[in-house]
Amino acid sequence: MTARLDISNRDARRLWLWANGLAPTPTGPLDVAGTIRALGLLQIDTIRNVTRAHNHILWTRNQNYREGMLWPLLAQRRLFEHFTHDASLLPVETLPLWQVQFRRLGDRAARAPWYQSGLGQAEIARIRDRIAQEGPLSTHAFDSKAEIREMWARPPHKKALDQMWYAGHLATSHRENFVKFYDLGERVFPDHDPAGDAQALLRLADDALDRLGIATPGEVQRFWGVATAPETRNWAAQAETVPVRVQAADGTWRDALAHPDIETRLAQAPAPTTRLRILNPFDPAIRDRDRLSRLFGFDYRNEMFVPAAQRRWGYYVYPLLEGDRFVGRIEIKADRSAGRMQVTGFWPEPGVKWGAARVEKLDAEIARFARMVGIEDIFWNTARP
């Protein structure tokens, strides 16, 4: 039996930040499609506290990125939009493996009570026929009202569009001001040779481990959000991997699987830049909160939908990464019409000293973040460190 390779916590952090494009200084030539390909997927989100999550994630990796540079790649069919753990953009190279997700999510949406549209098959067919005849349409082109008045209630036509979108019968043609336009899947997805389900699941798991570098089967499963736990265990039983033990931030050790070239990757992974970075709450480096806590000892949860009185931190709180550790968190809001950015909350991590040099780094990063959205005036409405 191959002896397990021991990977220290510092080495595991170094490898993970490198795998996520957070090791180098975020400058140089910009390759948006290449960045998304390296990450595997890019989560998209509607909330624009400063800028939407997808823009922030790309800017964090190369600060030459600006809003508006992403969506042409979708229109050019270099990316496609679908659902992983959430709404995401994926490289078109992944499309041959994605038929299994179309089938699974399409079937799930058709069965789920909260996605059943309330429309008959003839009415759903008429929605599809309109798109076939008129071209890409947004949900605003249809008119039906939600039956209940709750926050997440959707009108019947939107549920029908979603069901067909999950199944791949419809696809996102493009977005305008973040509004999704639906078109027929066959008109959006480039020609490709779909992989069978069994082959797709194995290849997706391989691709997940390639991007994770080191992972437990559960982390591999959560990467795409496609396979079941038994399917992932089946992959782990036959995959070409290296057994490792990974040290956690608290000094404990845990068994995991690693990519076959793990030792080469460990030798090549550079030490991360010492620049202080403001990460987005939906950044892929912190998306798996359990992994984040284990590797970095950083406890982070989104509180956007937590009642204000019950929040520990704030509404939209950004983790602060410096080198290979998280040194605090900050809440920032942008008022674009007034050309102002306000810091409304700041929380240092326990045991982290905020001397003049670290504060200077934070000020510089906030200024860069403001410039990204065309803002110059920055105000602190909370105590400065």
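Analyst: Happy to; here are a few labels, each set against its definition. This is a predicted model, where local features need pLDDT of at least 70 and side-chain atom pairs count only at pLDDT 80 or more, while totals for chains, interfaces and linings use all residues. Residues are numbered from 1 along each chain as its sequence is written, and side-chain values use heavy atoms, with hydrogens and water left out.

User: Why is threonine 172 called buried?

Analyst: Buried means under 20% relative accessible area (exposed is over 50%, partly exposed in between, with a 1.4 Å probe and protein chains only). Threonine 172 has 2%, so the label buried applies. This threonine lies in strand β6, residues 170-176; strands are DSSP runs of E with at least two residues and helices are runs of H or I with at least four, numbered from the N terminus.

User: What makes polar contacts with the side chain of threonine 172?

Analyst: The side chains of glutamate 81, at 3.3 Å, and tryptophan 165, at 2.9 Å. A polar contact is a pair of N or O atoms within 3.5 Å; within protein, one must be able to donate a hydrogen and the other to accept it, and residues adjacent in sequence count only if both atoms are side-chain atoms.

User: Is asparagine 62 buried or exposed, and how do you know?

Analyst: Its relative accessible area is 6%, so asparagine 62 is buried. Asparagine 62 is found in the loop between α3 and α4, and a polar atom of its side chain lies 3.1 Å from the backbone oxygen of glycine 28. Leaving aside residues up to four places away in sequence, asparagine 62 touches Pro26, Thr27, Gly28, Pro29 and Leu30, where contact means heavy atoms within 4.5 Å.

User: Why are α5 and α9 described as roughly perpendicular?

Analyst: The axes of α5 (residues 99-111) and α9 (residues 197-212) come within 9 Å and cross at roughly 105 degrees. That angle makes α5 roughly perpendicular to α9, because angles of 65 to 115 degrees get this label, with under 35 roughly parallel, over 145 roughly antiparallel and the rest oblique. Val100, Arg103 and Arg104 of α5 meet Asp197, Ala200, Leu201 and Leu204 of α9.

User: How do you know that the length of α14 agrees with its residue count?

Analyst: The expected span of a helix is 1.5 Å times one less than its number of residues. For the 17 residues of α14 (356-372) that should be 24 Å, and the end C-alpha atoms are 25 Å apart, which agrees. Just after α14, glycine 374 takes a positive phi of about 75 degrees.

Methods:
Axes are lines fitted to C-alpha atoms, for helices over the stretch in contact, and angles run from 0 to 180 degrees between N-to-C directions.
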